[in-house]
Structures are given as C-alpha cells and as structure tokens.
Amino acid sequence: MSRGRGGAVVITGMGVITTLGDDLEKFFAALMAGRSGIGYFEKIDPRVAARVGGDLSSYSLEDCLRRQPGQVPTVVIDRLRRLVKSSPLSTQLNAACALQAFRHAGLFEASMDPGRLGHVLGGHNLTISYLLENARTFEEEPEFIEPLLGLQAWDTDVLSVTSEVLGVRGPSFLVGGACASSNVAVMTALDLLRSGRADAVLVSGAPMDLSSLLLQACVLIEAVSFRSFNDQPERASRPFDARREGFIPSHGAGALVLETEAHAEQRGARAWATVLGASCASAASRHAKPNFESQLAAISGALADAAIRPTDVDYVNAHATSTPLGDAVEVAALKQALGRRAWEIPINSTKSMIGHALTAASAIELIATVLQMTHGRVHPTINQEEPDPELGLDFVPNVGRPHGIRIALSNAFGFGGLNSSVVVGAP
Amino acid sequence: MTRDDIFSALKRNMTDIIESTRGKEILESHRMLGDFQADSLEVVEVISRTMKQLKTKIPRTRLNEAKNIGDLLDMFMAAQVSARSGSGAS
C-alpha cells in the first residue's frame, strides 16, 4: 500500500552473517535443513557459567570478501579492508554484511544520488568486549590503548565505517531498542522513506561483540540458558518446548536495503518483499520480564499500520527466545491479536537454530521471513521434543515444509519493555 | 634498541597502515603527512602502535614538534634513555 509522499516501500537487498552461513543461499538451506549453529564461545572467560552460544569470534572476514562476486568494485573491498583492519568484531561484521545487502540490491551498479541514500543502524552497546580489553590495557599502561579508541568507543563508528565503505551520504543514525533494535530500525527506515526524506535506506542489524561481562550479567538475571544443555549446545535453544530454560546468545549480523517502490522500479531493481507496516510500544518498565499488553499493542499496531486484518496473516516469525515466560507471553499475545488465525498458521523460531543475535536478531529474522516467503517454504523450529501444553500452536516442529506466504509478521521484543513488530507482504 | 631497530619498526607500521608508502623508500627526511598524504588518524595509529611494540612512551604533548621521521626517531631514542635513567617519559 502507499503511505505518505514516499509511496510503498520494498526490500531490494539483504545480507546475513550467522553461524549458519554468510550468504543468503547457505543460510536458507541450513534453516530448512534444521541445522543448529550453536556451539561454545571460544573467547569467553572460563569462569562464566554460560558458554553455550553462536560464536563468530574467529570469523574470517578475508574469506568472506574473497567470495564476493564480481559486482563489488575492488576499490570498495579495499576500502573496507583498510577501514576495519583494527576495528572491533562488530564493525567488521556490520560492514561486510551491509556490503552483501548492497550487492544484492544491485546498488553498486546503480547511479543513485548518495544524498538520497540513508542508513539506520539498529543496535547499541555493540563493542563492550573491545572496550573491556582496552580497559585492561589502560590499567597496565594508558598510552598503549588502541590508537583509534577515541573513535571506536562510539557505537556510531560501526555505522560510520559502513557508510564510508558504501558511500552513504543521506540521513544516517542509530536507533536502539535492545533485542528489538533491528525491527525499530526497519520501522524508522520505513518512516524515512514514507516521508520522502530518502529514496533508499540501508538498515544495519548490528552485531554485539558479546563480552564475558555481559554473558555473566545475563546469567545473574537468569535470562540465558546455563543449566541443562552445557554438554549438548545444539539442544539448548528450544523455543516453545517444555524444557526451554533461557535464551542462547549469538553473534550475527543482518542488513537490508529498503527502498521506495517507485525508486526500485525506476532503476529496475527486484523487490523481494513489500514492507507493509511496523509498530513499536513500550511497557513503561525497565524490567526484562515480558509484558502481554505491550506486545499486543506492538503486534496490533503493526497490523493496523499495514491496514490488514488478522486473517490476512499467513505466517509469524516469532521473537521466541526460548525463555519459559517470554515464549508463553508472546504466544498469548499472538492468540489475542490474531484470534482463530493464530491456530491456523505456522509460527516458527529462527532462534532455535541460530540463537539470539540480540541487537541484530530481528534483521536476521526478517531476512529469514522474506526468504521463506520467496521460496514458499517454512523452516522448522528445532529441538521440539516435549510440547508445552500451555502453548498449543503450530510451531513447525523439527521439520520444515512447503507453505505459501502472502503476508508475514515478525516480532522482536527487548529488555526494558521495548516491543516491536513488522509486517511484510509478497511483492 | 638501536636507531635502526626503531626505524625498522616505524617503517613496518607505516607500510602496514599508510597505503601510499607501499613499495616506496622511506627516508628520515620524509614527513608522513606531507610526503605520503597520510591522514592524521593514520599518523596516530603508526606512532601509537610503534610505541606499544617498543614499549616506549613519547609524551603526546611533544609529538607535534617532530617535523619529519628523523625527529620522531630522535624522540624514540630520547624516550629510551629517559626510561633507563628512571626519569620516565611522561
């Protein structure tokens, strides 16, 4: 549908870096196969109780860059190499992921006005691990901290490096919403495009570099899984299952190019999906505890923004982190928001395979949603061994299947009562 | 550490960080900013990395007194002497 002077908004490019693959084909194949990308964090302090997770700390950026097809100009690859050389993991992954989305959108061949290209980065607190390493160096000798820490200590550096690599000159900023950050970034990009402030917007779902400190802090508030599955990490992320006991943190990045339909048509770009609507709501609470009313407001708000009825929704990519309370409250909110439709459609959890990529999660999951829509298949929710009788919906247990999707809903809920939903439609 | 050792470390970092130095001869009379079109951040990176690798500190307040690479080498040499005599570099 057309909203505002910018008109309808479409997704023309996507890129992912996850433990299940760093290109769209590999990623989707692994999701459909029900593979787990969960193992152990290599570089986490052994005293931290939660070591299970999706680890990309040894990810080879060089391998990724070497595999980029010819559409990426050498000068861009060289610029990326130079800029991220001494940068934190978050900056490296974000730039490489955004480069993929740019290539997928065909923007390297396009002659678009860079001032009409925006960049909204979803995320914050992205480089805690890097900052802690420097804090330790500082304790030994202040002169020997990283020379560019004065720039890199700011989360904006993750955005700015990517913008410099890709030559983005339009409206650019960060939005933060904890684990809802990327959905909020999509909503913000949608608003920029609808309002006519930009013709295309790169949305970076930025990765966090996941420090020992943060993981231990999540153990203290009992948000992560650290009890039953330490010897079988691939079984630890089990959203909706009766034995779920907390989320599994993971590294990961997702990037999307959103564009006005008119601009995409003008340059002959393929639209992979239409962004129909988005919404976010606050629970007015600093708590990590999920809030039914606020989640309901986010879901209903997105459906209203998209001007669709609950019965129009064909599929839900749930936030579903594998926490006992979180999954139950989300299912209750979906039942309330969608009514009977909630029992008729598949609802799955990408996190069952890749874990929770936190600030990047909803960008990756929106990409998973669009890929399922494109291929007419839904991926499984793995580790479904003991159904939770309280939940009782179709979570696509363990095996994916063909399923046509015209309209999909993707949820993302963050600590501090920050809840968001995005609705996309087939192009 | 000899002046040659310090110069080698500095050249290695310059080649690594400042693209325009690659394949070129680096002389003591060269200026990083003027002769190699390095930007100010690259200069900071070269000097900081060299200081860390050589475990030598040059007072930041004095760095802008170096007009060329030779001056910088003088400062590294002086910092070593200063550290050995226990007076500290900063």
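Predicted model: local features only at pLDDT ≥ 70, side-chain atom pairs only at ≥ 80, totals over all residues.

Reader: Why is A:Leu358 called buried?

Author: A residue counts as buried when its relative accessible area is under 20%, and A:Leu358 has a relative accessibility of 7%, so the word buried applies to it. A:Leu358 lies in the loop between α14 (351-354) and α15 (361-375) of chain A.

Reader: Which residues is A:Leu358 in contact with, leaving aside its neighbours within four places in sequence?

Author: With those neighbours set aside, A:Leu358 is in contact with A:Cys179, A:Met208, A:Leu210 and A:Phe247. As for A:Ile248, its C-alpha is 9.7 Å from that of A:Leu358, while 110 residues separate the two in sequence.

Reader: What makes the pair A:Glu143 and B:Arg60 a salt bridge?

Author: The rule asks for a side-chain nitrogen of Lys or Arg within 4 Å of a carboxyl oxygen of Asp or Glu; in this pair the closest N and O atoms are 2.6 Å apart, so the pair meets the rule. Between chain A and chain B the count is five salt bridges, and on the side of chain A that touches chain B there are five charged, four nonpolar and two polar residues.

Reader: How much area do chain A and chain B bury between them, and which residues of chain A lose the most?

Author: The two chains bury about 1200 Å² between them, 54% of it on carbon and sulfur atoms. In chain A, the residues that lose the most area to chain B are A:Glu143, A:Phe144 and A:Pro147, together 50% of what that side buries. The contact takes 11 residues from chain A and 14 residues from chain B.

Methods:
Residues numbered from 1 in each chain as written. Chains lettered and ligands numbered in written order. Heavy atoms only, no water. Contact = heavy atoms within 4.5 Å. Buried area = accessible area lost by both parts, 1.4 Å probe. Nonpolar A, V, L, I, M, F, W, Y, C, P; charged D, E, K, R; others polar. Helix = DSSP H or I, 4+ residues; strand = E, 2+ residues; numbered from the N terminus. Buried < 20%, exposed > 50% of the residue type's maximum accessible area, 1.4 Å probe, protein only.
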